[in-house]
Structure formats: structure tokens, C-alpha cells
Amino acid sequence: MSALGKVVRAGVGRRRVQTVVMVLTTMLAVTASIMAGGLVVASQAPFDHAFAKQRGAHLTGRFDGGKATSEQVAATAHLPAVTAAAGPFAVVTATPQFGEGGLVMMIGEAPLTIAGRAAAGGPVDAVTLTKGHWVTGPGQIVLTVPEDGPRMGEVGGTLSFPALPGRPSLTIVGYARSVSRTADAWVAPAEIAALTRPGAAPAYEMLYRFAHAGTGAGMARDKNALAAAVPPGALSGTLSYLTTKHAADRETATFVPFIVAFGVLGLAMSVLIIGIVVSGAVSAGTRRIGVLKSLGLTPGQVGRAYVGQALIPASAGTVLGVVLGNIASVPLLAQASDAYGAAPLTVAWWLDLAVPAGVLALVVASALAPALRAARLRTVQALATGRTPQVGRGRLAARAASRLPLSRALTLGLAGPFARPARSATIWAAVAFGAVGVTFAFGLGSSLSAIQDGVNRHNPGQVSVSTFAPPPVDAGSGAGTDAGPPPPPEPVSADTAAVARTIAAQPGTAGSFGTVEQQATFAGIPGAVRVTAYQGDSSWGGLQMVSGHWLDGSRQIVVGRRFLEATGKHVGDSVTLEGDGRSVAVRVVGEALTVDDDGMHVAADTGSFTALGRTLRPDTYEVHLAPGTDRAGYLQDLNTALKPLGVEGRAQDNRISSTIIAMDTMIAMLTVMLVAVAGLGVLNTVVLDTRERVHDLGVMKALGMAPRQTVAMVVTSVAGIGAVAGLIGVPLGMALHGYVIPAMGSAAGTRIPPADLHVYHPLPVLLLALSGLVIAVAGALLPATWSARTPTATSLRTE
Amino acid sequence: MSSTTSVIDIREVRKSYDDGPAALDGLSLTVRAGEALAVLGPSGSGKSTLLNLIAGLDKPTEGSVTVDGVRVDGLGETGSARFRRERIGMVFQFFNLLDDLTVTDNVLLPSQLVGAGRAQARARAAELLEYLGIARHARAYPGRLSGGERQRVAVARALMNRPALLLADEPTGALDTASGAEVRALLTELNSDGQTILLVTHDLALAAACASRTIELVDGRIVRDTGSGGRAPDLQSGTAGGSAAGSAAGGSSAVAR
Ligand SMILES: Nc1ncnc2c1ncn2[C@@H]1O[C@H](COP(=O)(O)OP(=O)(O)OP(=O)(O)O)[C@@H](O)[C@H]1O
Ligand SMILES: [Mg+2]
């Protein structure tokens, strides 16, 4: 081994702690970068990527089997505009019940579009199985992964169709995701007959890819060509991928500001920490560089020796980081893909190359700069460095600290940072970043859960009573006019007034109101808007308000952001509600948090519709229970009372959307990494510092400084910096939060209610401000203990 | 203090590092209060090791070390730290002053570690600096002082808590002849005021001047002991410098204790 090689190897081997720290920091930096980078990359047009990967259907055509034969439908595949096609698949719409034995749960206002399909793959819409396997024969069904909310049942569970003759029952064998949403469920082709009601016309589905699918106009031309190729009226409905893409892109856009903010934070932190650790390690070796030079090494050789010394542990850390980053990304990207409604994502391959390359380049640069600087110092100067560190610096601070009424160990520690300003600045920066991360994460988590609560306000009751009795026949089988969701079933004629009275009279009811959804038109807005009409006192269950107030009188509406933008109105203005040849002026009394229907959703009192001449009967009652009421007991009594009316109440719990779960997971993982990296930065710097001062520490111990006093002194030397960094990091984190959350809201088409934004209450802020102190102390504790344990005789022998 | 009280009582101590040969090999030693013991011996004979054991900086492999009535070898880290700060003063070859503290702050350190009253400690430090003739450097930083001055600061720091025992390892080793003579005189003066001193040295003049007793170590064993109350006749020639510290101290001999 060459002399240089020996120097490098000794440099790595002799400094075990520093080497371990360097391995750990590069590992964490690489892991964080890959995770953050992976998410950022995945959040770039995930729909487009997943769509391309699955060869998604540009258009899903639904054909009436009574008007066109299967052969005629199949022939549309050869139209000139069509570049690929799949089908025809027989389809049927049916409403299932999930469960077994006595416990049958209605899932049903939403019937399923079920396609008979023998294989998951194919030239178009190659769906991705996320669980279980594809249907292999009769009696099996594969369900689509729900966008939100719980799955209908686990793989192995059953799904039955009690409204169909023979009450067919299917086993769930898998879950799959079709990016183009061509069906809700898939069965073997032969199964379709069993799911079709006698006498119903068969229906087919054809999936197409077109040459020119980029624009709505191109899609319309292709659709017309399709309609012309089959007998008139045979093309009963279509679903364009543009509709699905629009919805998916909106969902994605919500994520992007948050991912980018955390990604940038993570990357900046990685760069900073590598700089700190590597350059710190090299600077600490200045004296050693002087010795090497006095032995005849050239500055170039010194530079190479130190770069080599840094690269060995950094490479090890990088390799570990790549592995760890890819492993840690699996659950994170799975969450993200759930949230994006896209196919499972993987870390982009080029990230696995780019991140290590970037990190190692950074290591070389961070090592080279101080090594060359040290190498250019005159040898005597280098030799003197560290022995008598910049005497004179921080004397004022030292004097001031010594006057404080604290024990000497503490005042010595407090004065420490001022003697080494550069090193203190690095600790400061690392801790401040950590504090920003923690503060931001706390705010983000709190805001997201507050927003989730707000979104859940659409169904605020602890108990809800639906005035739909279970439908006597399969309500969905005839509704095959469009491949989109069929219209909801008609309510049975339960006496809603009697239902309302019964609920109100029930002991334990603290409040209740009825809601019903209406399609309505507003002057100035093309097309119908979905309106939820509230009947009764809904003050306890209103939506979260951005501005104005909740409904408290007749002819009032509360709207979302997009509605105001579309109409150009403001809170306080009147808009005209039109319908059935009449119109009525209603006043916008408030803007609420709503992301339904792209933020176009409207809440109104039933009185507004009475003025239009419509008599509205609530289809759902939301019930709020008095504090301390046992819900199960309440439900039992309520349902007994409701039995004569033919309706039933059920427990309603807040749903947590998979988007929020995904974000929470990411927040947690990224915060842990940020804090760990910050702590490591502190640890490394304190290790360097105590190494350099080992002799002084030895002297103090010889004079009688006890181990606990030594620990206290070393810890205090960074605690002050940590506390200050925390104090500055917290407002920065709050500012970041104040910028990112509204950006996420505007991407989702809503403004964020002030209550959801103002999550930094005094107590949490106080605790967050202490986070800097905690990170600093945690990072310093280990090296402080080490230095307290170093035998004094050994310390004194060190020159 | 009675001259029959033993300040150091070492019994059958053996010390070996790792699996090397014994640095101290079955050494027994008793030092009475008021004695000034000089430890001589060639390099590597175990002198510093002996000092470390007495100061509780290291532990013997075998045997017992009792200092001022405390079983030092039985103390834990915290216990030995407390023991040092209350009963031992240490002076080193290379001064070991803290460069970023002023002379006064260096001297104050031991009293601050025991948590003594601030005003009292300052008065004691000022008194010591005055006594040692370095009062004019009280606010200076050690980097500016000469070697002899630095060593006097170190002595002041060692005396701050009125230790039962002053340990000095080559206190003149890094000093020129004149500074060495100053320190020599100072130690002699301290001892004549009743301070028990154990000093390790290669400096025969120092040993001759200030030691009331001399032992010589070779390979971790005592090969020669002049015994209490007698200076080795062949070493007595160096006593002449005794008055140097006396003049610096201005006769205020009560300060040392
Ligand atoms: N920490 C240690 N680890 C291993 N061996 C040690 C250690 N300290 C001292 N020794 C060994 O113990 C023996 C005695 O060392 P010591 O320092 O006590 O000698 P000394 O008499 O003070 O020498 P000098 O006059 O050169 O200062 C030597 O052989 C030395 O190598
Ligand atoms: Mg020695």
C-alpha cells in the first residue's frame, strides 16, 4: 500500500465515530433524497404515466345489445381512427350486498358496473392487480380499488346479489385498478348471464385508443365516427378518459405543493448536513495535515488523501441509503398511488443513479475545499491550529457568561459557542432546519386533520337515518344509458315528517336535521349544479366556513370557492336559482370548505326550493347525540321506534380519506428523517469539538470536574444554539405552512377556512420552540457522555 | 497538623497497562503531612503512573491507595472528581492552563467547581496571585505569560481549595533555568509553610532544594528512599535558592494554607 493509501486508511480507521457518523449522514441524506425525489417525480402527472403504462382506454363505449350485435360492435375496432381496441365485453349493472349469514350490510346506493373479462391484460386497459388474482372461473369477482373509504370486503369475502333470480353470490378473489375506470368489477364472461335480470337487453363495452386523443374536439369526432359505424342508437353511452384525467389531476395537484416543500426541505438538509459533516471532519484534521506536509506531502496529495478519507464512508453510506430509500419508498409510493388513483408507482430508476452521483460529488467538493485550504496554510500555521484556537474570540461572551448565577460547568458551556463561531453556525443551521421541519410537519398534520373534519361535515351526524327503504328490486339494472354512474334510486315513500318527529322525540337526540340532494340551475352557470338542501336546525352540523356564516334562514345558500369564481359573485350577493319555469333570488351568506364537484357544490335551505314550487322530502337525517349517550343502545331504541315507518338508522363514523392517510405517512417519515439528520449534524459537530478540546476537558477533570458536570458543560455548549435555532426555525416553519396549505387548497379548488390554518396555538408553539433545544441536547448527549467517560489520564496525555 | 498523620498511604500497589509489564510493581509508600517528597527515576520508570493513582485519575491493578483518609482506589468517577477538587492540587509540566480563560478565571475554577461563595473565592484568588507575585497579570490570558509566570498561575490554581496534598509532575520540566529557580523557591516556601507536596522530577536541583525526602523508582519499584526527616546528603547542595520565593511572598506565609 502506498504512503498515501496508508494515510487514508489510518484516517478512516482511527476516527471510528466520525466514520460512523459520516456513513449514517450520507445514508440518511441519500434515503431522504430518494424518498423525496421519488415522490416529486411520482407526483408529476401520475395519471398520464399510469394511463400510458396500462394502455388506458381513451374512450369506453357502451352498446345496447338489443340494437347492435356483438359482431357489429367488434367491427368498430377496425375504424381508421382506432389504433387499438379491446372487447366487446358483456357488461351489467347490479347492486350487491356484502357480507355473510345474518349480518347483511347495504352498501348500496351505488350499483356496480360489472364487466365480463377473461384476462386482466390486453391491448387496451391492462388493469393492475393490487391484491389477490384475476377471475379464473365462475363464482369469482375482482373489484376495483376504491378511491376513498373502505374496501367492500377483503379478498376471500363474498358479494351477493339478493335482488337477482337465484340470489347469485360471488367470492372476491382480487382487487384491481383500472386507470381509465372502465368498470367497477370484473367477472368471468360466462358469469354475466347469471347477473342479468331476465328479459333485460344485453349490453357490451368496447375500449378504444385513438390516434388523436389529445383534445376534446378530436375525441368528439372519434365518438361520432363510432356512433355512425353501428345502427342508430346502439352507442348508448361513452366515458372519455379526459373526464377521469381531469379528476385525477386535480387530486394530484393537491399533493404537489406539499411534496415539493418537503422534498426541497429534505434535499437542502441533505446538502447542508453533508457539507457540515465532511468539511468538519477535514477541518478538524488541519493539524494532521500540517504533520503530513512537514513529512513532505504536496497540497495535491493532501487533498486526495482527505477526499479519499471522506469517500470511503460516504460510499458505504450511499449504497446503504439507496437500498433503504427504495425500501422506505415502497409504502410511501403505495400510499401516493392510492391517493393519486394511479397504478402502483416505483422509484424512478434514474433517481437511484442521480442521487448517489450528486451526493458523492457533494462529498468530494465538501472535502476538497477545506483540505486544500489547510494544505495551502504554511505548515507551522497548520501545526499550531487546534492547539491554541483563535485566542481572543468570544472572550466577552465568556466573561458575561461567567457572571451568570449558574454553576461553572454551565457558564463554561454557554460561552463555548462564541469561541468557535463557524462551528456554532453549522450546528445552528442543522437544528434550525430540523425545527422548520418539525414545525411545518406539525402544522401540516393539524391542518390536514382539521380539513378532513371539515370535509366530513357533509355527513356530520353520529347516527344517520336514510329514508330509503332497501329497494325491493334491483334498481340499477335498467340504467344502462351511460357508462358513468347511474342516477340514484328513488326514495320509497317513508313519511319523512313522521321520521323527523320520531328522531326528535327519541331520548338522547341532541339535534337532527334532514338533507336531500337536488339538481338545480343558477343564472350564469351552464348546466346543473348539485345542491344539498337542509331542513331543520343544521347549526350544529354546518360546513366549515371560509367567510360569512352558515345557513340560518330562508333563501340562503352557502357555496364553495369555484361557485363564486364561476358566477363572479361575493359573499353577501344574491344569485338567481332557476327551475321548473320559476326563479327565486337567494343570497350567498357564506363561503364554505367544499371540494365536492370541484368546489361547485352548494348548500341551501329547503325554503329556497319551496319558492320554486318543489316540495322536498329529506332522504337522510343526520342525528347528533347528547353527550354521554350510548350509541348502540340509542340505535336499538331508535330503530324500534322507526320500524313502523319502514326505515332504519345506522351508526356513522368519520371517514379518513386515503389521501390524508398518505400525507400523514409522508409527513411522519420525512419529519423523522429531518430530525434524525439534524441530530446527527449536532452529534458530529460535538464529537469534533470534544475531540479538539479533549485536553482542556482532561484538565478540568483533573481539577475535579465530575462526569455529570462534564456532560452538563458539553450539552450546554450546544443547548443555547439549539434554543435560538428553534426560536428562529419555528416562525420559518409556520411561514412555510402558511404558504403551502393555501396552495394545496387552491389546487383542490377551495380556500382554507381560517380555523384550519390557525393551528399554531400558544402551547404547541411553545413546545415546537423547544424542539430546537431537544434536537441539540439529544445530539450532544452521546458525545458528551463519551467525553465524560474518557479516562482523565488519557486525555491529559493527548497533545 | 500533626506531622505523624499520613497523607498518602500506598500498600502493595501493582499497576499494569493492558498486558504489558507492570508500570508499578508491588510499591508501598507512606507520606506524612508536611513532607515534601521528590520522586526521581529514569523515563518510563512509573513516576507519572504513581501520581495518577494518587490523584485518582487511574486505578491500581492491585493494592490500595489512601490519600488524606480516603480510599482513592475505591472511588467512582464522580467520587474521585470530588476528591480531587477538595483535597488535591495538581501542577503539570506543560501548565495545562485553559487558554480561553483569564488568569483569574483559571485560578477560580477549582473553587467554582466546589460551588464556593463568589466573593470569598475572588478574595482568595487575589490573595494567591498577590502571594505568587503575578497579581498584575490577573486579567491577562495565559497565552501572553512567560513559562515561569504560567507555572505560578498553575500553582495558584492548585492551591485554590487549600488541598491537603499538592502533586507536581515535572513542574520545572518546561522552564528555563531562571524560571525553574523561581518555581523551585516557591515550592520550597510552600512546604516550609506546611504544605504537603509530592513532586515528580528529573531535576536534581529541584529535588535537593525543596524535598524533605526523596525516593527513586526503577521499573516500578522503589530502589532508594532517603526516609523522612533527611535529605540525601549528596543532593543538599541545591538548597541555596530557597529565599527567592520567600522574597516574592513577602513573608505572608499564612496564605499557602
Ligand atoms: N496509558 C498507558 N497505556 C499503556 N502504557 C502506559 C500508559 N501510561 C504509561 N504507560 C507505560 O507505563 C510505563 C510507565 O510510564 P510513566 O508515564 O509512569 O513513566 P514516567 O516515569 O512518568 O516517564 P517520564 O519520565 O518519561 O515521564 C511506561 O512503560 C509507559 O509506556
Ligand atoms: Mg512522566
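I started with residues 711–739 of chain A: the chain there is 100% helix and 0% strand, with the end C-alpha atoms 41 Å apart. Helices here are DSSP runs of H or I with at least four residues, strands are runs of E with at least two, and both are numbered from the N terminus. I then checked residues 666–690 of chain A, which also come out as 100% helix and 0% strand, and their end C-alpha atoms lie 36 Å apart. Both spans are on the UniProt list for "transmembrane region" in chain A, an unreviewed entry that also includes 20–42 and 759–782.

Ground rules, before I forget. This is a predicted model, where local features need pLDDT of at least 70 and side-chain atom pairs count only at pLDDT 80 or more, while totals for chains, interfaces and linings use all residues. Residues are numbered from 1 along each chain as its sequence is written, chains are lettered from A and ligands numbered from 1 in the order written, and side-chain values use heavy atoms, leaving out hydrogens and water.

Next, the sheet in chain B. I found four strands in an open, antiparallel sheet, ordered β2-β1-β4-β5. Strands β2 (22–32) and β5 (70–71) of chain B are at the edges with a single partner strand each, so one side of each has no neighbour in the sheet. Two strands count as paired if DSSP finds at least two bridges between them.

I went through the pairs. Strand β1 (residues 6–16) of chain B has seven bridges to β2(B), and S6(B) sits opposite R32(B) there. Five bridges tie β1(B) to β4 (residues 62–67) of chain B, with I10(B) partnered by V65(B). Two bridges link β4(B) and β5(B), where V67(B) faces V70(B). That hairpin has two residues between the strands, and D68(B) takes a positive phi near 50 degrees.

Last, the interface. How many residues of chain B are in contact with chain A? I get 22, against 25 residues of chain A, with contact meaning heavy atoms within 4.5 Å. The buried area is about 2500 Å², 56% of it from carbon and sulfur atoms; this is the accessible area (1.4 Å probe) that the two parts lose on being put together, summed over both. Elements giving two or more residues to chain B's side are α2 (77–87) and α3 (103–114) of chain B, and α2(B) has the largest share, five residues.

Methods. UniProt positions are given in the numbering used here, feature names are shortened, and annotations may be inferred rather than shown by experiment.
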